[in-house]
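Please look over the sequence and the structure shown below before reading this report.

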Amino acid sequence: MPTRNLLWQEMGPVDSVEFEVPASETARHDAFGTYLQAANLRIVDVATDGVFRAAMTRFPDITFAHVTAPRAVVDWPRDRLSWQRAAAVVCLEGAVSTHAEGAVWTREPGLTLVPPGDTPVRFELTGERNRILYLSLPATMVTELNLPDHAPRVSDALPDEALRPLVAFVTSLSAARIPGETAAGPLQAASAEVARALVRLITEGHSREVSLFSRAMRAIMGQYQDQRLTVTTLARDLGVSARSLQAAFAEEGTTVVAEIRAQRGRAAMAMRRGNPHMPSVEIAAAVGFGSLSSLFRALREQAHEEGDEGEDRRVGA
């Protein structure tokens, strides 16, 4: 089968790449080798009668990939280049098993989350044809969940209706060619929320076991752009009283208002970094802030939380 040329397009804050490589040629394919090096992945073994196909979109912090591969063994060394990264895998066809000394979260059908850490990881693709979605994520997307050290086995399968929209988004985004910085900023913010939603779905147990705080945080991530989102409206949507909702957040050492502002601040920061020329008034409207003062306050808080003094000064200017 012929090999297509690598399509690597520099689009400001976004890189897009697509390739098709016969497995027998992976060792000699420069573009494929460049991708593996950038992803810090190593192919240990591969069935040479298959083909690797991949379409990827990479933002500064998150990479979305839709990959088709033959039987293969792939190592992720997790050295200094990637110990602060996490990986989420959705197996759409075939079978993928993940081996690591640390905790690995799994959930049917075919979902895996590898939290950040410094222990090596091995992915074994055991189907004749394996089709997967692979997300490379910043550590903060997992550490903010305060997961236990040991991953429990999740007994219930994720409902198809919950997974289908996320799969459709990631599949489409992986093959996207972002037309410019104007589209990249809002798309990057939306992509981060989809990634967070996928991580939460993998790590949560049966829906009856999900805490009110967790359900509320998921709702905030889905509704933060709405300026009408308040404690009252959120409590109504969750079917609880405002007092019960506030008590659930108090147990976690925070408030509903603070988490809504923080979520909007994270989205605004990602949008500003992805599209530095986007007017502040447009950013504020896109992430749900009703005023520029609210936007700037949230950006300062986010910059302080990330330890970005330079960004903090720019926001305060």
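## Overall composition

This is a predicted model. The protein contains eleven helices and twelve strands. Of its 317 residues, 50% count as buried. The accessible surface comes to about 15600 Å², and carbon and sulfur atoms account for 51% of that surface. Among contacts with a separation of 6 or more, 71% are between residues 24 or more positions apart.

Strands of a sheet pair through backbone hydrogen bonds, either parallel or antiparallel. In this protein, an open sheet of four strands shows antiparallel pairing, in the order S3-S6-S11-S8. Strand S3 (42-46) and strand S8 (96-100) each have a single partner strand, so one side of each lacks a neighbour in the sheet. On average, neighbouring strands of this sheet are turned by 20° against each other, direction ignored.

Strand S6 (residues 72-76) pairs with strand S11 (residues 121-125) over five bridges, in the antiparallel sense. Within S11, Val 121 stands opposite Trp 76.

Which residues of helix H6 (residues 231-238) are buried? They are Val 231, Thr 233, Leu 234, Ala 235 and Leu 238. An α-helix has 3.6 residues a turn, so residues three or four places apart point the same way.

Just after H6, Gly 239 adopts a positive phi of about 75°.

Technical notes
Residues are numbered from 1 along each chain as its sequence is written. This is a predicted model: local features need pLDDT of at least 70, side-chain atom pairs count only at pLDDT 80 or more; totals for chains, interfaces and linings use all residues. Side-chain values use heavy atoms; hydrogens and water are left out. Buried means under 20% relative accessible area, exposed over 50%, partly exposed in between (1.4 Å probe, protein chains only). Helices (H or I, at least four residues) and strands (E, at least two) are DSSP runs, numbered from the N terminus. Two strands pair if DSSP finds at least two bridges between them. Axes are lines fitted to C-alpha atoms, for helices over the stretch in contact, and angles run from 0 to 180 degrees between N-to-C directions. Contact means heavy atoms within 4.5 Å. Accessible areas come from the Shrake-Rupley method with a 1.4 Å probe; for residues, only the protein chains shown count as cover.
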